Amino acid sequence: MLNQTSIDKAILDAGQLGGFDPKDASPLNAIAKTKAQILLIHGKADKKIPYQQSQILHEAAKDHSKLILLEGENHDSIF
């Protein structure tokens, strides 16, 4: 199981490998700028990341994203 320390280290490592500051990363800006088709799948019972965050992302990219909300599913049960 990942703890917050290992998650924070992975984020810092990703920034170093990718040459960016993770604090400057914005999923909202990225989804609005991309031309790629995006599929968002989110469990409505997710306590770690509220499903409303996926709704916000979808609203920013309605022309090239699809949102699927799963009733009764949480952050880990989708897998």
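Biologist: Is glycine 43 buried or exposed?

Modeller: Start with the cut-offs: buried means under 20% relative accessible area, exposed means over 50%, and partly exposed is in between, with a 1.4 Å probe and protein chains only. Glycine 43 has 0% relative accessibility, so glycine 43 counts as buried. This is a predicted model, in which local features need pLDDT of at least 70 and side-chain atom pairs count only at pLDDT 80 or more, while totals for chains, interfaces and linings use all residues. Residues are numbered from 1 along each chain as its sequence is written, and side-chain values use heavy atoms, with hydrogens and water left out.

Biologist: Which residues are in contact with glycine 43, leaving aside its neighbours within four places in sequence?

Modeller: Contact means heavy atoms within 4.5 Å. By that rule Tyr51, Leu70, Glu73 and Ile78 are in contact with glycine 43 once those neighbours are left aside. From glycine 43 to isoleucine 78 the C-alpha separation is 7.0 Å, although the two are 35 residues apart in sequence.

Biologist: What share of the contacts in the protein with a separation of 6 or more comes from residues 24 or more positions apart?

Modeller: Such residues account for 67% of those contacts. As for burial, 16% of the 79 residues of the protein count as buried.

Biologist: How many helices and strands does the protein have?

Modeller: Helices and strands are DSSP runs numbered from the N terminus, where a helix is H or I with at least four residues and a strand is E with at least two. The protein has three helices and two strands, and their order from the N terminus is α-α-β-α-β. Glycine 43 belongs to strand β1.

Biologist: What span should α1 have, and what is found between its end C-alpha atoms?

Modeller: The expected span of a helix is 1.5 Å times one less than its number of residues. For the 15 residues of α1 that gives 21 Å, and the end C-alpha atoms are 21 Å apart, which agrees. Glycine 19 follows α1 and has a positive phi, near 70 degrees.

Biologist: Where is leucine 12, and how does it count for accessibility?

Modeller: Leucine 12 lies in helix α1. It counts as exposed because its relative accessibility is 53%.

Biologist: How many salt bridges does the protein have?

Modeller: Side chains of opposite charge can pair when their charged atoms come close. A salt bridge is a side-chain nitrogen of Lys or Arg within 4 Å of a carboxyl oxygen of Asp or Glu. The count by this rule is four.

Biologist: Which helix holds lysine 9 and aspartate 13?

Modeller: An α-helix has 3.6 residues a turn, so residues three or four places apart point the same way. Lysine 9 and aspartate 13 both lie in helix α1, residues 4-18, four residues apart, about one turn of the helix. Their side chains meet in a salt bridge, with N to O at 2.8 Å. Aspartate 13 is partly exposed, at a relative accessible area of 29%.

Biologist: What parts does the pair of lysine 48 and aspartate 76 tie together?

Modeller: The side chains of lysine 48 and aspartate 76 meet in a salt bridge of 2.9 Å, N to O. Lysine 48 is in the loop between β1 (38-43) and α3 (52-60), and aspartate 76 is in the segment after β2 (65-70), so the pair ties together parts that are 28 residues apart in sequence. Lysine 48 has a relative accessible area of 49% and is partly exposed; aspartate 76, at 44%, is also partly exposed.

Biologist: How far apart are the closest N and O atoms of lysine 62 and glutamate 59?

Modeller: They are 3.4 Å apart, and the two residues form a salt bridge. Both lysine 62 and glutamate 59 are exposed.

Biologist: How far apart are the mean positions of the positive and negative charges?

Modeller: Lys and Arg count as positive and Asp and Glu as negative, with His and the chain ends not counted. Each charge is placed at NZ of Lys, CZ of Arg, CG of Asp or CD of Glu. The protein has 9 positive and 10 negative charges, and their mean positions are 4 Å apart.
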